[in-house]
Structure formats: C-alpha cells, structure tokens
Amino acid sequence: MTTTPWEEKSVEERRQIRFEKWLNPESISFASESVRSEYQQRVQRVIDAIELKKTPDRVPTLSPAGLLPCFLYDRSCRDAMYDIDLAIELWERFAREYPADLTKIPGTMGIGNALEILDYGLYKWPGFGLPDNVGFQATELETMKVEDYRILVEDPTDMWLRRQIPRSFGALEALSGLPSLTHLVEIPQVRMLAAFGRPEVAGALKKLIRAGEELLESNRKLGVLTQKLIGEVGTTLSAGGGAKAPFDVLADTLRGTNQMMFDMYRHKEKIEEAVDRITPLQINAGVSGVNASGNPLVFIPLHKGADGFMSDEQFSQLYWPSLKDLIDGLVAEGCVPFLFAEGGYNSRLDYLNELANGTTLWLFDQTDMAEAKQKVGKNVCIAGNVPSGLMITGSADQVDDYCRKLIDECAPGGGYILAAGVIIDEGKADTTRSMMDAAMKYGNY
Amino acid sequence: MADTLVELIAELKEKEVLDFVDKAIEQNVDPMEILNGAREGMQIIGDKFAEGTYFLPDLIYSGEILKSVVNKIEPLLKQQGPVVSKGKVVLGTVAGDIHNIGKDIVGFMLDVNGYEVHDLGVDVSVQDFVKKIRETDASIVALSGFLTLAFDAMKATVDAIADAGLREQVKIMVGGGQIDEQVRQHTGADAFGRDAIEAVKLADDWIAA
C-alpha cells in the first residue's frame with residue numbers, strides 16, 4: 001500500500017482507492033461469506049460496465065423504484081412520506097423481492113413531519129398540498145431575485161442563509177433579518193449577535209432544532225436500512241452522493257424555470273458568472289456524500305439542458321461548460337458521476353465524448369439508445385430506457401420484448417446497464433418482474 | 001412599419017419591440033395593426049420552433065414579450081369588438097399534477113393562433129373539465145400532465161367526459177413529459193402531441209376536418 005497523500009495521487013489511483021473501498025466497505029458486517037461475495041459480484045459488475053475495460057459477467061440492473069413500493073404493496077404515498085419505518089419496510093421488501101445490482105433507498109420519504117415543521121415551500125408533497133397517492137412536485141418558487149445574482153457570486157452562503165432559505169422555508173423567514181455573519185470580526189461586532197435573541201429568530205431556530213431531531217432519527221434508520229441492504233441482501237446503492245448541474249441549481253432551486261428562461265436573454269453574463277460560482281460548491285457536495293457513504297457514485301439529475309429546452313448555442317455556452325467542470329471535478333476526486341438525462345438528449349450526445357473515457361455513467365430517458373450506443377458507447381457507460389408508459393400501462397410481454405431489443409442494441413462490448421427511463425411510481429408487479437428478469441434471460445455475456 | 005414589428009418580435013428583441021410599440025401608440029397607429037404584427041411575429045416563432053431553430057426558452061420569452069405588448073395596447077383595443085375565434089379549447093393539467101409550464105405554453109400558442117382558450121389551471125378535477133365543456137360548448141379538450149400519475153388521471157377525465165355524454169362533441173389531445181402513443185391508447189384520447197406547436201397543428205386539423 002502506497003502512503004502518498006491524497007493530493008499527490010493520480011486520478012486513476014484515486015478512483016481505484018474508491019472502488020476498493022466500495023468493494024470492501026469497512027463499516028458493514030456481512031451476514032455470511034456468500035452475501036459478501038454476492039455483494040462484491042454486483043459491485044464489480046457495475047464497475048466493469050463503467051470502466052469499459054472489459055465486459056461484465058452480465059448486464060447490470062438499476063432498480064426502477066420511484067414510489068413503486070407504495071403502489072405494489074398498496075400503501076399510500078402519504079403514509080410513507082410521514083412514516084420512515086413504513087417507508088423502510090416497503091423499500092426493503094421491494095429490494096428483496098426484485099433484486100437489482102443498483103438499489104434504491106427511500107431517501108425522500110419519511111420526512112413529511114420535518115417538511116411541515118419547516119413549512120417548505122419549494123415543493124408540495126402527498127399529504128401537503130397534494131393528494132395522497134402522488135409524488136412530491138416542485139412549485140417553481142423564485143427564491144433568488146434577479147438583484148441577488150451579485151450576492152450569490154460574492155458570498156453564496158450568505159445568499160442561501162439570508163435569502164434562499166428564508167424564502168423557501170416559511171418557518172425560517174426570520175433568518176432574513178440576521179446580519180451578515182462575516183461582519184463579525186472583533187469585540188465590538190459581538191453586539192450584532194443580538195439578532196439571535198429576537199423572538200422571531202429564536203422561534204425559527206427552535207423549529208430548526210425540532211426538524212433536525214426528526215431528521216436525525218430518520219437518517220439513523222435509513223443508515224440501518226443501508227447496512228441491511230448491503231450486509232444481508234448483498235446489493236449496493238445507486239448513489240453514494242448527489243450533485244446538480246450548476247445551471248439547474250440556478251433554474252430549479254433559485255430562479256424558477258420561467259425566470260431562468262428570461263434571464264437567458266436579459267442577463268446572460270450574470271448566468272455565466274453564477275454557474276461558475278456554484279460549480280465548486282456542487283463538487284464539494286458530491287465528494288462529501290461519497291466520503292461519508294464509501295460509494296463513489298454521485299447522482300446528478302439533469303433538467304434544463306434536455307433536447308428542446310434550449311438551443312445548441314445556449315447549451316454550449318450556458319449549460320455544458322459548468323456541467324463539464326462539475327463532472328471533471330468529481331472525476332478528479334475519484335468519484336463516478338451518474339448523470340440522469342431526463343427527457344431526450346439526442347442533440348447533446350456528442351458533448352459526452354469530451355469526457356474522460358470510462359469515468360461516467362449516463363442514464364437516458366427518451367434518448368435513442370441505439371444512437372447513444374453508437375455515438376458515445378465507447379466513451380461512457382450508458383443505461384436506460386424502458387419507457388414509463390410501457391411499465392405502467394403495458395403488458396409483461398411488451399416489457400420483455402422491449403428489454404430484449406434494448407440489450408441486443410446496447411449490451412455488446414459491455415458498458416450498458418438495464419434501467420427504466422425514469423423512476424417508476426404507479427408500476428405493476430408483472431412488468432417490474434419482466435424487466436428485472438430480462439437482464440438474467442438476455443444479458444449474460 | 002408592421003413588417004419591422006413582425007421582424008423584431010420574431011427575433012425576440014424585447015427592448016426594441018417595446019420601444020417600437022410605444023412610438024406606434026404615440027403616432028396613433030391602429031392597435032389592431034400592432035396586434036396583428038405581433039401575432040404574425042409569433043407565427044414565425046412557431047415555424048422556427050417546428051423546424052428546430054427555436055426552442056422552449058424562445059417560446060416562453062416570446063410569450064413574455066407579447067404579454068408586455070398586449071398590456072400596452074389593451075386599453076386601446078377595448079374600444080374594438082371581439083375577435084372571431086377558430087374554435088374553443090378547454091385546457092388544464094389533470095388531477096394530482098400541479099405542473100403548469102408546458103400547459104401554459106400550449107394555452108399561449110393556441111391563443112395566438114386564434115383559439116378561445118379556457119384554461120382551468122392545474123390539478124383540475126374531472127368534474128371541472130366536464131362542467132367547463134358544457135358551459136363553453138368547446139370542441140377541443142387539451143389535457144396536460146408531467147408526471148406518470150397523469151396517465152390514470154387523463155384516462156379518468158376522458159372516461160368522465162364520455163359518461164357525461166360529451167365524448168362525441170369533443171376531440172381530446174393529451175401531452176406532457178412521459179406521454180407517448182402507448183399512454184395515449186391507455187387514456188382513450190384522440191391524439192397526443194410532443195409540444196405546443198403540435199398541439200396547434202392537431203387543433204387546426206380537427207377544426208378543418
């Protein structure tokens with residue numbers, strides 16, 4: 001074992017260290033040697049698909065679970081949103097009954113109480129502004145005004161603390177009245193902390209503590225589930241960390257889609273400056289998740305760069321450069337960016353050949369998979385794209401047929417993972433079974 | 001003069017468009033002439049979208065520019081009679097789904113293409129769709145939905161329209177993120193469209209038939 005410090009290791013060395021940790025997780029006790037070996041086989045299968053150096057033993061699979069466990073086991077999404085124990089029970093059962101190489105945990109479930117305490121306004125969810133049996137949905141709140149671009153670039157934490165957070169969380173509105181904490185430099189400024197004594201600020205902090213306690217317990221239980229999925233079921237999670245394309249942080253989290261589209265004409269330079277400021281923050285977000293979990297996959301859902309959402313000129317100027325910097329930054333840290341290209345990405349495929357070979361995983365939704373395989377299949381691992389329409393309204397035979405063709409087109413030479421095009425909510429047992437079985441039936445190399 | 005406005009709108013030159021309209025109003029240009037110029041510019045934008053040189057932000061931004069133009073000339077237009085529409089459309093995002101961006105663009109493009117659009121908003125119950133069709137005597141229904149939950153909500157809406165005895169009276173289109181031919185069949189709608197321009201084309205074909 002070499003003892004060179006992390007900073008001096010090559011990118012390849014860093015990735016191999018992370019892969020080694022992923023294959024041999026320190027904190028997990030395996031139920032048996034056979035579970036350990038099954039776990040390692042699954043992880044190795046995914047690593048082989050990503051690295052493109054050799055074909056895996058068979059086509060790996062990604063769990064299609066969105067809210068699917070709720071629908072299959074006939075429990076309301078609202079109940080799972082508010083009861084982490086129930087969510088864990090449903091997701092664990094699903095993982096055991098429909099084993100996949102890359103498995104999902106109910107990361108966005110069981111937090112209803114915390115969201116209500118904080119009065120989160122950026123989303124509505126089942127039980128809060130939405131019917132019981134639907135997923136959470138974005139409200140497109142404008143949490144950063146156009147005049148705040150300057151503050152975002154100067155001091156992003158201040159932008160979040162005193163603007164984005166008070167505007168997103170009704171219970172934390174009072175934080176907008178805090179002074180800028182970087183003004184605190186010497187004894188005279190200590191007086192500015194008086195702001196924390198104001199009843200409305202104290203009230204906001206109390207709610208923050210209550211929500212924090214809820215989430216602490218919820219997170220602990222998710223941790224136990226993760227241990228079980230690895231140590232007893234012998235599968236690995238589909239993500240170890242998360243990040244967002246800098247443009248999408250601006251569009252989804254800060255400005256809202258409509259405002260962002262106007263900004264593309266009225267404030268192009270501001271966008272360019274802002275995405276560059278956000279990039280290192282998102283690299284840090286991804287790496288810290290990977291460090292904590294020991295799983296090198298950084299899930300990055302892509303939204304506003306899809307086919308039709310902007311011109312190629314806009315994509316090449318406003319979306320891609322900072323996304324590429326994010327991907328390169330994560331790869332440099334030995335992580336594996338796992339990009340989910342929702343919608344179509346047909347017109348953007350050539351960009352993927354700018355990325356380092358065998359370092360990223362791309363999940364496609366409505367992209368032509370044969371074309372993706374041909375254009376970028378030698379440079380990146382591709383995954384996808386069983387349509388949600390087929391999974392929800394089609395027959396098991398139709399799904400089997402679709403998967404067989406997909407595997408025929410995409411699997412040759414390796415670098416392919418069988419997956420649904422998007423996460424599946426209102427799915428069915430027979431089509432889900434059919435998809436998971438297809439990898440075993442047609443995916444052996 | 002109108003040609004200049006058409007061009008400025010088609011090229012999405014917001015500031016120039018608004019300056020132009022201000023000047024035209026000052027010079028007592030017929031507000032209908034301004035509106036027609038703006039609509040003509042919108043047609044070009046629609047064509048450019050259909051041929052793949054314009055994209056979603058261009059459509060949404062053009063809507064924003066048009067809104068400002070209409071705000072400026074609206075007080076002047078009120079003195080004139082109502083415009084004859086090509087047909088009535090009842091539009092909405094189906095129950096359980098609160099996404100509005102795609103639906104809004106469809107409504108806006110149908111509107112600038114001469115349709116009388118009755119937009120019911122988001123998370124619209126089947127009863128509200130039925131009620132509005134009765135009330136307006138519309139011949140076209142456009143159902144929007146971004147999430148997969150919309151598959152069944154769309155089917156329920158189409159079924160409710162049939163149960164109310166209105167199915168023969170209307171043509172129904174569906175659209176949104178995950179809608180494809182497979183889903184169209186499931187819902188029982190007459191057609192699906194991938195974008196706002198396809199929605200206009202479907203409506204035009206139905207009206208012409």
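The following legends describe close-up views of a predicted model.

**View 1. A negative surface patch involving helix H12 of chain A.** The patch is formed by five acidic residues: Glu269(A), Glu272(A), Glu273(A), Asp276(A) and Asp325(A). Helix H12, which spans residues 268-293 of chain A, gives the most to this patch, with four residues.

**View 2. Glu273(A), one of the residues of the negative patch.** Glu273(A) is situated in helix H12 of chain A. Its relative accessibility is 47%, and Glu273(A) therefore counts as partly exposed, since this class lies between the limits of 20% and 50%.

**View 3. The open sheet of chain A.** Six strands make up this sheet, and their order is S6-S7-S8-S9-S10-S11. The pairing of the strands is parallel. Strand S6 (241-242) and strand S11 (416-420) of chain A stand at the edges, where each pairs on one side only.

**View 4. The pairing of strands S9 and S10 within chain A.** Strand S9 comprises residues 361-364 and is joined to S10(A) by three bridges. The two strands run parallel. Leu361(A) has Cys381(A) in S10(A) as its bridge partner.

**View 5. A cis peptide bond between Gly384(A) and Asn385(A).** The bond that leads from Gly384(A) to Asn385(A) is cis, and its omega is near -25 degrees. Asn385(A) belongs to strand S10 of chain A, which covers residues 381-386. In the sheet order, S10 stands between S9 and S11.

**View 6. Asp119(A), a residue with a positive phi.** Although Asp119(A) is not a glycine, its phi is positive, at about 55 degrees. Asp119(A) is located in the loop that lies between helix H6 (112-118) and strand S2 (123-126) of chain A. Asp119(A) counts as partly exposed because its relative accessibility is 36%.

**View 7. Asp123(B), a residue of chain B with a positive phi.** What is the phi of Asp123(B)? The value is near 50 degrees, which is positive in a residue other than glycine. Asp123(B) is placed in the loop between strand S2 (116-119) and helix H6 (126-136) of chain B. With a relative accessible area of 34%, Asp123(B) is partly exposed.

Terms used
Residues are numbered from 1 along each chain as its sequence is written. Chains are lettered from A and ligands numbered from 1 in the order in which they are written. This is a predicted model: local features need pLDDT of at least 70, side-chain atom pairs count only at pLDDT 80 or more; totals for chains, interfaces and linings use all residues. Side-chain values use heavy atoms; hydrogens and water are left out. Patches are made of residues with over 30% relative accessible area and no salt bridge: like charges are joined within 9 Å, nonpolar side chains (Val, Leu, Ile, Met, Phe, Trp, Tyr) within 5 Å. Accessible areas come from the Shrake-Rupley method with a 1.4 Å probe; for residues, only the protein chains shown count as cover. A salt bridge is a side-chain nitrogen of Lys or Arg within 4 Å of a carboxyl oxygen of Asp or Glu. Lys and Arg count as positive and Asp and Glu as negative; His and the chain ends are not counted. The place of a charge is taken as NZ of Lys, CZ of Arg, CG of Asp or CD of Glu. Buried means under 20% relative accessible area, exposed over 50%, partly exposed in between (1.4 Å probe, protein chains only). Two strands pair if DSSP finds at least two bridges between them.
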